[in-house]
Amino acid sequence: MGLLSSFSSSYFDGGCFLKVQNEIKGSNIRQFLLRASVASSTPKSLNFSEMKAQISEKFRIGVLGASGYTGSEIIRLLVNHPNFEITLMTADRKAGQSIGSVFPHLVTQDLPDMVAVKDADFSNVDAVFCCLPHGTTQEIIKSLPNNLKIVDLSADFRLRDVDEYKEWYGQPHKALDLQKEAVYGLTEISRKEIQNARLVANPGCYPTSIQLPLIPLIKAKLIEVRNIIIDSKSGVSGAGRGAKEANLYTEIAEGIHSYGITRHRHVPEIEQGLSEAANSEVTVSFTPHLMPMSRGMQSTIYVELAPGVSTQDLYQELRSFYENEEFVTLLKKNEVPHTRHVRGSNYCFMNVFPDRIPGRAIIISVIDNLVKGASGQALQNLNLMMGNPENTGLLYTPLFP
């Protein structure tokens with residue numbers, strides 16, 4: 001009897017779990033699980049995969065750029081992951097230090113000290129989260145062993161057009177072959193491609209909050225692709241951990257800070273995803289703001305309805321599209337999504353409202369910019385890439401108050 005059929009028989013017939021353990025003993029379960037990646041289209045039907053994950057040995061994970069906000073959030077999520085174990089952390093400026101000395105909330109965790117990237121040993125690593133700034137990531141990833149699975153949280157591999165990357169990021173792309181290989185990792189939209197990828201470009205926080213509600217509606221041709229207006233607001237952690245005068249408490253507190261007006265670097269990423277959904281070029285009006293809070297993100301999106309379409313049609317399409325998704329929730333009618341209701345979680349809450357202007361609708365989408373907008377979605381993607389149930393290590397209830 002083959003391994004998979006034996007496993008199925010033991011699990012579904014209520015046989016002894018030890019029977020499975022004995023049969024797989026001595027086999028390379030890590031390679032088996034990589035080959036047997038999750039086939040289900042949605043994470044809510046993954047009982048069989050969950051059983052497989054329980055008997056697997058742990059995958060060894062490296063976190064590059066562990067001293068930043070997204071790096072620390074990856075670590076927070078990984079320390080309770082049943083199938084992933086952190087074996088390497090890098091932080092050039094903090095090399096030689098423990099993670100607890102940089103992030104005291106992680107002081108109780110038994111983790112390796114951080115090292116400089118140039119001194120990192122990848123022989124004990126199966127997969128890597130790259131949490132480095134854009135511009136520095138390309139050459140580092142290019143130098144990594146080819147056997148590693150990689151989720152890159154920078155912007156370096158998100159734009160398929162390298163000329164567009166040069167225009168918006170001010171420097172030429174230095175890893176053209178890798179750019180062609182990279183899969184854009186908006187999990188609920190590109191699940192099948194992510195499962196088979198070696199390198200995933202994790203989406204930005206604003207693009208995640210915007211594309212999740214808009215892509216299904218554009219694909220269904222329920223909204224016009226012209227005159228899309230997006231007003232987004234983010235917690236200050238979205239600006240990174242670097243010391244910047246504009247992010248000082250006295251600069252941010254008790255006010256709203258608009259920035260990147262007409263030229264925010266997430267614009268081409270947003271338009272790339274929406275244009276692909278529409279099979280035509282889409283241009284949006286997008287203005288981001290920093291809010292006096294540490295984390296959280298809300299995108300308020302104003303759209304024009306297609307002829308003969310009602311707000312109810314938009315609601316029904318989103319409900320149908322996301323009804324089996326673990327991490328995207330369409331709220332009950334008239335309920336307003338709030339950032340405080342997803343804080344610390346990998347959830348996206350959204351809803352649709354009729355505008356006072358006939359023929360238009362307002363969509364509100366909220367996420368935690370550090371979780372679903374960055375590290376949580378990255379873990380969601382690596383789970384898929386490594387054959388784990390997609391929701392493993394991510395079922396945290398939002399923090400409130």
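Tutor: Helices here are DSSP runs of H or I with at least four residues, and they are numbered from the N terminus. The model is a predicted one.

Student: In which segment does Pro401 lie?

Tutor: Helix H15 covers 371–385. The peptide bond from Phe400 to Pro401 is cis, with omega near -5 degrees. Most peptide bonds are trans. Pro401 is placed in the segment after helix H15.

Student: How many helices and strands does the secondary structure of the chain come to?

Tutor: The chain has 401 residues, of which 56% are buried. Its accessible surface comes to about 17,700 Å², with 50% belonging to carbon and sulfur atoms. The secondary structure comes to 15 helices and 13 strands.

Student: Which are the edge strands of the open sheet?

Tutor: The sheet is formed by 7 strands in the order S8-S9-S7-S10-S13-S12-S11, with mixed pairing. An edge strand pairs on one side only, and this applies to strand S8 (257–258) and strand S11 (328–330).

Student: Which residue in S10 does Asp231 stand opposite?

Tutor: Strands of a sheet pair through backbone hydrogen bonds, either parallel or antiparallel. Strand S7 (residues 228–235) and strand S10 (residues 297–304) pair in the antiparallel sense over 6 bridges. Across from Asp231 stands Thr300.

Student: What angle does the direction of helix H14 make with that of S12?

Tutor: Two helices on this sheet can be described in turn. Helix H13 (residues 267–278) touches S7 and strand S9 (284–291), and its direction makes about 135 degrees with that of S9. Helix H14 (residues 311–322) touches S10, S11, strand S12 (348–354) and strand S13 (360–367). The angle between the directions of H14 and S12 is about 160 degrees.

Student: Which residues is Leu214 in contact with, leaving aside its neighbours within four places in sequence?

Tutor: Leu214 is among the residues with the most contacts inside the largest core. Leaving aside neighbours within four places, its contacts are Ile223, Ile228, Leu274, Ile301, Val303 and Ile363.

Student: How many residues are in the second, separate core that includes Val63 and Phe327?

Tutor: This core is separate and also includes Cys131 and Val183. Its residue count is 44.

Student: Is Met89 buried or exposed?

Tutor: Met89 is found in strand S2 (residues 84–90). Not counting residues up to four places away, Met89 touches Val63, Ala66, Ile75, Ile99, Leu111, Pro112, Asp113, Met114 and Val115. Its C-alpha atom is separated by 5.8 Å from that of Leu64, 25 residues apart along the chain. Buried means under 20% relative accessible area; at 0%, Met89 is therefore buried.

Student: What is the centre to centre distance of the aromatic pair of Phe327 and Tyr347?

Tutor: A pair of aromatic rings is described by the distance of the centres and the angle of the planes. Phe327 lies in the loop between H14 and S11 and Tyr347 in the loop between S11 and S12, 20 residues apart. Phe327 is buried at 0% relative accessibility, and Tyr347 is buried at 17%. The pair is tilted, with 55 degrees between the planes and a centre to centre distance of 5.6 Å.

Student: Is Thr262 buried or exposed?

Tutor: Most residues other than glycine have a negative phi. Thr262 is not a glycine, yet has a positive phi of about 70 degrees. The residue lies in the loop between S8 and H13. Exposed means over 50% relative accessible area; at 58%, Thr262 is therefore exposed.

Student: What is the relative accessibility of Asn227?

Tutor: Asn227 lies in the loop between H11 and S7. Although not a glycine, Asn227 has a positive phi of about 60 degrees. Asn227 counts as partly exposed, with a relative accessibility of 45%.

Methods:
Residues numbered from 1 in each chain as written. Predicted model: local features only at pLDDT ≥ 70, side-chain atom pairs only at ≥ 80, totals over all residues. Heavy atoms only, no water. Buried < 20%, exposed > 50% of the residue type's maximum accessible area, 1.4 Å probe, protein only. Areas by Shrake-Rupley, 256 points an atom, 1.4 Å probe, with all protein chains shown as cover. Pairing = 2+ DSSP bridges. Contact = heavy atoms within 4.5 Å. Axes fitted to C-alpha atoms, helices over the stretch in contact; angles between N-to-C directions. Core = buried A, V, L, I, M, F, W, Y, C linked by side-chain atoms within 4.5 Å. Phe/Tyr/Trp six-rings, centres within 6.5 Å; stacked < 30°, edge-to-face > 60°.
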